[in-house]
Amino acid sequence: MSAHTNECGFTGWVARYEERVFKKITYFSPDKLIILNISPENSVLRKPKDLTLEQAKTHSKMMIDFNWRAFGDTVIIDANKPQDRVLLSLVEEVWEVLKN
């Protein structure tokens, strides 16, 4: 259990939500896990009504600290790039899995 799951507010909610998702993931064996990594600043610029900068920084740190590789084949896409390039990278990764 994450140290953040007992917190109140947004950080606690995100931690509890992610913990539930990760528990569900362990029941499946994904071919590849694709992470879209974006800086807190770009996250807020793209969706200013969804998060404050402080919330985005907290979430970003939690995402960076998490051991994604424990789930197997993992690719991290730099989501700081223009959105059309991020989408292209995502589609390429999905097609790579589908063709194998």
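Analyst: A helix here is a DSSP run of H or I with at least four residues, a strand is a run of E with at least two, and numbering starts at the N terminus. Please keep in mind that this is a predicted model.

User: Happy to start with the pocket: which elements each supply at least two residues of the lining of the largest pocket?
Analyst: The largest pocket holds about 880 Å³ of space, and 30 residues line it. At least two lining residues come from each of H1, S1, helix H2 (40–46) and H3.

User: How many residues make up the largest share of that pocket's lining?
Analyst: Among the 30 residues of the lining, those closest to the pocket's centre are Glu18, Leu36, Ile38, His59 and Met63. Helix H1 gives the largest share of the lining, and its contribution is eight residues.

User: What is the angle between the planes of Trp13 and Tyr17?
Analyst: A search of the whole structure gives three aromatic pairs. Trp13 and Tyr17 form one that is stacked, with 5.6 Å from centre to centre. Planes under 30 degrees apart count as stacked, and the angle in this pair is 10°.

User: Are Trp13 and Tyr17 buried or exposed, or in between?
Analyst: The two residues sit four apart in helix H1 (residues 9–25), so about one helical turn separates them. The relative accessible area is 48% for Trp13 and 42% for Tyr17.

User: Which residue forms a salt bridge with Lys32?
Analyst: The count of salt bridges comes to three. One links distant parts of the chain, 61 residues apart: Lys32 lies in the loop between H1 and strand S1 (33–37), and its partner lies in helix H4 (residues 83–99). With N and O 2.8 Å apart, that partner is Glu93.

User: How far apart are the closest N and O atoms of Asp65 and Lys61?
Analyst: Asp65 and Lys61 are four residues apart in helix H3 (residues 53–65), which means that about one helical turn lies between them. In their salt bridge the closest N and O atoms are separated by 2.6 Å.

User: What is the relative accessible area of Lys99, which bridges to Glu96?
Analyst: The closest N and O atoms of this salt bridge are 3.6 Å apart. Glu96 is partly exposed at 32% relative accessibility. Lys99 counts as exposed, because its relative accessible area is 61%.

Terms used:
Residues numbered from 1 in each chain as written. Predicted model: local features only at pLDDT ≥ 70, side-chain atom pairs only at ≥ 80, totals over all residues. Heavy atoms only, no water. Phe/Tyr/Trp six-rings, centres within 6.5 Å; stacked < 30°, edge-to-face > 60°. Buried < 20%, exposed > 50% of the residue type's maximum accessible area, 1.4 Å probe, protein only. Salt bridge = Lys/Arg side-chain N within 4 Å of Asp/Glu carboxyl O. 1 Å grid on protein atoms, 1.4 Å probe; cavity = no way out; pocket = protein on both sides within 12 Å on 5 of 7 lines; lining within 4 Å. Points joined across faces, edges and corners; volume = space filled by probe spheres on them.
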